[in-house]
Amino acid sequence: MVRKMDETLPDLLARQSHGKDRRADAGRKAVEAALLEGQQRILRFLIGRVGNSDDAKDVLQDFSMRAITRADDLRDVASVRGWLGRLLATAIADHHRRAARRPKPDLGSDTWTDLSETLAQPDAETDAVVCDCLHDLIGLLDPGTRDLLRRIDLLGQSRDEVARSLNISEGTLAVRLHRARRKLRDLLIQMCVTCPEHGFLDCACDRARARQQAAKAVNSGGSL
Ligand SMILES: [Zn+2]
């Protein structure tokens with residue numbers, strides 16, 4: 001009897017502390033898995049661009065830091081696509097500039113001169129990887145939030161038209177839209193702080209810690 005109690009006590013405690021949150025916990029894990037997949041997609045793209053995994057992780061780190069520290073620039077979904085694309089293109093161009101300064105005896109100097117002139121404008125592939133990434137992030141939002149961002153930011157429907165169809169005031173719509181963009185911004189930051197090597201949002205490796213600190217600074221001072 002005593003033995004049985006000893007066996008069940010940890011289960012009981014676990015149930016008391018986690019039972020109610022089990023469904024929320026499963027939801028959180030699904031979101032984390034989706035954020036990690038989005039980040040791995042960008043990483044695979046970067047490996048193709050810079051040629052190896054270590055450099056790709058450096059560029060991803062650079063891109064993530066820029067996205068986190070400038071996340072308050074997020075005004076609407078349509079413009080965030082171009083904004084993220086430019087950040088990613090700039091991170092890649094900066095990597096090539098740094099590489100050009102290192103001696104590369106096996107490559108002609110013309111190659112590196114060309115690369116150093118790369119403008120921070122996303123090409124079609126860079127834009128596509130950013131677009132896929134945003135599509136994934138929006139997919140993680142609840143249907144109401146998703147619908148609102150699609151209609152206002154992507155389809156460009158007028159606010160009074162959307163407010164009327166939802167049978168709410170324009171003031172209420174403005175509040176909901178503000179919250180919707182904030183949720184998307186938070187997801188973006190979560191994706192950027194997800195560790196591509198270890199997969200955990202609370203990873204304690206140096207890269208992950210630097211990103212978490214940047215995110216904390218944005219979240220405490222954020223006004224969006
Ligand atoms: Zn890590």
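**Helix packing and selected residues**

Modeller: In this predicted model, the axes of α2 and helix α6 (residues 124-139) come within 10 Å and cross at roughly 180°.

Colleague: Are α2 and α6 roughly parallel or roughly antiparallel to each other?

Modeller: The axes of α2 and α6 cross at roughly 180°, and angles over 145 degrees count as roughly antiparallel. The two helices, α2 and α6, are therefore roughly antiparallel.

Colleague: How do the residues of the contact of α2 with α6 divide by class?

Modeller: On the α2 side the contact is made by Ala 34, Gly 38, Arg 41, Ile 42 and Phe 45, and on the α6 side by Val 129, Asp 132, Cys 133, Asp 136 and Leu 137. By class, these residues of the contact of α2 with α6 divide into six nonpolar, one polar and three charged.

Colleague: How are α2 and α3 oriented to each other, oblique or roughly perpendicular?

Modeller: The axes of helix α2 (residues 22-50) and helix α3 (residues 53-69) come within 8 Å and cross at roughly 120°. The range counted as roughly perpendicular is 65 to 115 degrees, and roughly antiparallel begins over 145. The orientation of α2 and α3 is therefore oblique.

Colleague: Is the crossing in which α2 passes α3 left-handed or right-handed, and what classes of residue make the contact?

Modeller: The crossing of α2 past α3 is right-handed. The contact involves Ile 42, Leu 43, Leu 46, Ile 47 and Val 50 of α2, together with Ser 53, Asp 55, Ala 56, Val 59 and Leu 60 of α3. Sorted by class, the contact of α2 with α3 has eight nonpolar, one polar and one charged residues.

Colleague: How many helices and strands are there in the protein chain?

Modeller: Read along the sequence, the protein chain follows the pattern α-α-α-α-α-α-α-α-α-α. The count for the protein chain is 10 helices and zero strands.

Colleague: What span should the 25 residues of helix α4 have, and how far apart are its end C-alpha atoms?

Modeller: Helix α4 covers residues 77-101, and at 1.5 Å a residue its 25 residues should span 36 Å. The end C-alpha atoms of α4 agree with that expectation, since they are 36 Å apart.

Colleague: Which helices are included in what covers the buried residues of α4?

Modeller: The buried residues of α4 are Val 80, Leu 84, Gly 85, Leu 87, Leu 88, Ala 89, Ala 91, Ile 92 and His 95. What covers these buried residues of α4 includes α2, α3 and α6.

Colleague: Is Ala 78 buried or partly exposed, and which residues does Ala 78 touch?

Modeller: Ala 78 has its place in helix α4, and with 15 C-beta neighbours inside 10 Å it counts as partly exposed. Ala 78 and Leu 154 are 76 residues apart in sequence, while their C-alpha atoms are 5.7 Å apart in space. Not counting residues up to four places away in sequence, Ala 78 touches Asp 153 and Leu 154.

Colleague: Where is Asn 167, and is Asn 167 buried or exposed?

Modeller: Most residues other than glycine have a negative phi. Asn 167, although not a glycine, has a positive phi of about 60°. Asn 167 is placed in the loop between α8 (159-166) and α9 (170-193). With 7 other C-beta atoms within 10 Å, Asn 167 is exposed.

Colleague: How far apart in space are Arg 182 and Ala 71?

Modeller: Arg 182 is found in helix α9 and counts as partly exposed, with 14 C-beta neighbours inside 10 Å. Arg 182 and Ala 71 are 111 residues apart in sequence, and their distance in space, C-alpha to C-alpha, is 9.8 Å.

Colleague: How far apart in space are Phe 200 and Ala 33?

Modeller: Phe 200 lies in the loop between α9 and α10 (206-221), where it counts as partly exposed with 13 C-beta neighbours inside 10 Å. Phe 200 and Ala 33 are 167 residues apart in sequence, and from C-alpha to C-alpha they are separated in space by 9.2 Å.

Terms used: Residues numbered from 1 in each chain as written. Predicted model: local features only at pLDDT ≥ 70, side-chain atom pairs only at ≥ 80, totals over all residues. Axes fitted to C-alpha atoms, helices over the stretch in contact; angles between N-to-C directions. Helix = DSSP H or I, 4+ residues; strand = E, 2+ residues; numbered from the N terminus. Parallel < 35°, antiparallel > 145°, perpendicular 65-115°, else oblique. Left-handed = near helix turned anticlockwise from the far one by under 90°. Contact = placed C-beta atoms within 7 Å. Nonpolar A, V, L, I, M, F, W, Y, C, P; charged D, E, K, R; others polar. Expected span 1.5 Å × (residues − 1). Buried ≥ 20, exposed ≤ 12 C-beta atoms within 10 Å, placed from the backbone.
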